[in-house]
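Please keep the sequence and the model in view while reading.

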Amino acid sequence: MAVDLHTHSSASDGTDSPAQLVRRAAAAGLVAIALTDHDTLSGIGEARSTAAEAELRLISGTELSVDHDTLKIHLLVYFLEPGEGPLQDRLSELREGRNLRNVEILARLRALGYEIDDADMAAEAGGESVGRPHIADALVAKGVVSSRAEAFDRLLGDGGAAYVERPRLGAAEAIRLATESGAVTSVAHPYTIDRNAETYPPLFRELKALGLTGLEAYHPEHPPDLRVHLAELAADLGLVPTGGSDYHGTGKPGVDLGIGFGDLDIPDTVVTDLEDRRQ
Ligand code: AMP
Ligand code: FE
Ligand code: FE
Ligand code: ZN
């Protein structure tokens with residue numbers, strides 16, 4: 001039995017529809033997945049009805065980009081149900097922030113000489129949460145770059161010539177809103193926050209004091225020794241070591257559901273451990 005608690009569909013920047021993603025997960029033998037599209041729950045309905053047919057458990061989730069001091073942290077939110085609620089109500093504001101930022105990014109690209117407009121971006125987006133990966137796909141379609149990764153490296157990544165900030169929630173606020181909405185939170189891919197593992201204990205202790213439930217130990221981009229280290233650290237701090245592939249369909253070549261690059265192994269006990277922490 002295997003699970004995958006970090007996946008993206010075409011509701012944000014993945015390339016599989018929610019139904020395709022769930023069917024793929026069932027075919028891979030997974031017993032539970034979390035759909036964690038960026039800043040949206042719009043894929044959950046379709047994913048859930050497909051999951052019911054496939055006899056697979058679907059956990060409703062999202063992934064937020066939050067600020068904490070000078071750090072940018074991705075926060076996975078689990079058991080956040082579609083509809084109204086303290087955090088749910090903020091997601092539309094976050095998406096509006098994305099839309100305003102996308103307009104600015106496109107303007108910067110045009111100023112740099114790349115003829116790209118709103119329709120080019122819209123042609124690559126399948127859902128309501130639109131962002132840099134779709135702009136990257138439009139640049140690929142125009143032959144400017146050969147991959148999403150190259151688009152981020154050359155233009156769209158933090159500090160790149162077409163990079164624009166967008167409004168983010170603070171970590172404390174996001175964790176509080178999630179808790180008030182009946183959800184739990186886990187820090188996504190700590191490797192991207194800081195490569196130096198010595199910074200993790202004080203940071204995660206601080207976030208736990210704010211109400212954090214888990215940290216993502218099992219992620220494809222974590223070297224095997226880091227996965228073990230983070231799982232031990234989570235146990236030490238009373239956090240749940242979560243895991244997921246961060247599957248984006250063809251948006252992240254080589255990464256597949258449940259197994260990442262082939263060597264990911266996520267204990268299925270994570271699901272009940274997370275559930276037990278719901279308030
Ligand atoms: P945005 O949400 O619009 O700020 O775009 C960030 C998303 O782009 C991340 O969640 C990743 O899915 C994707 N991304 C970030 N860096 C890269 C990269 N170097 N190559 C491909 N995709 C990336
Ligand atoms: Fe993404
Ligand atoms: Fe992320
Ligand atoms: Zn992700």
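Contact here means heavy atoms within 4.5 Å. By that criterion, and leaving aside residues up to four places away in sequence, Tyr78 touches Leu5, Ala34, Thr36, Ile59, Ser60, Ala183, Val184, Ser186 and Leu274. This is a predicted model, in which local features need pLDDT of at least 70 and side-chain atom pairs count only at pLDDT 80 or more, whereas totals for chains, interfaces and linings use all residues. Residues are numbered from 1 along each chain as its sequence is written, chains are lettered from A and ligands numbered from 1 in the order in which they are written, and side-chain values use heavy atoms, with hydrogens and water left out.

Tyr78 also belongs to the largest nonpolar core, which has 63 residues; Leu64, Tyr78, Phe204 and Leu207 have the most contacts inside it. A nonpolar core is a set of buried Ala, Val, Leu, Ile, Met, Phe, Trp, Tyr and Cys residues joined through side-chain atoms within 4.5 Å. Buried means under 20% relative accessible area, exposed over 50%, and partly exposed in between (1.4 Å probe, protein chains only). Helix α9 (residues 224-237) supplies the largest share of this core, six residues; helices (H or I, at least four residues) and strands (E, at least two) are DSSP runs, numbered from the N terminus. A second, separate core of 16 residues includes Ile105, Ile116, Ala136 and Ala162.

Helix α5 (residues 132-141) and helix α6 (residues 148-156) pack at an angle of about 105 degrees, with their axes 9 Å apart. The axes are lines fitted to C-alpha atoms, for helices over the stretch in contact, and angles run from 0 to 180 degrees between N-to-C directions. The angle makes α5 roughly perpendicular to α6, a term for angles of 65 to 115 degrees. On the α5 side the contact involves Arg132, Pro133, Ile135, Ala136, Asp137, Leu139 and Val140, and on the α6 side Arg148, Ala151, Phe152, Leu155 and Leu156.

The metal sites come next. Which residues are the protein donors of the iron ion (ligand 2)? They are Asp13 (OD), His38 (NE2) and His248 (NE2), lying 2.1 to 2.2 Å from the ion. Donors are N, O and S atoms within 2.8 Å of the metal (3.2 Å for Na, K and Ca); water is not among the atoms, so sites may look incomplete. Asp13 lies in the loop between β1 (2-7) and α1 (18-27) and His38 in the loop between β2 and α2, so the pair ties together parts that are 25 residues apart in sequence. Both Asp13 and His38 are buried. Among the residues that His38 touches are Glu63, Arg98 and His248.

The iron ion (ligand 3) is 5.7 Å from the iron ion (ligand 2). Glu63 (OE), His74 (ND1) and His189 (NE2) coordinate the iron ion (ligand 3) at 2.0 to 2.3 Å. Because Glu63 lies in strand β3 (residues 57-68) and His74 in strand β4 (residues 71-78), this pair ties together parts that are 11 residues apart in sequence. Glu63 is buried at 2% relative accessibility, whereas His74 is partly exposed at 26%.

His189 lies in the loop between β6 (184-187) and α8 (200-209) and is buried, at 7% relative accessibility. Most residues other than glycine have a negative phi. The phi of His189, however, is positive, near 25 degrees.

Note on methods: Angles under 35 degrees count as roughly parallel, over 145 as roughly antiparallel, 65 to 115 as roughly perpendicular and the rest as oblique.
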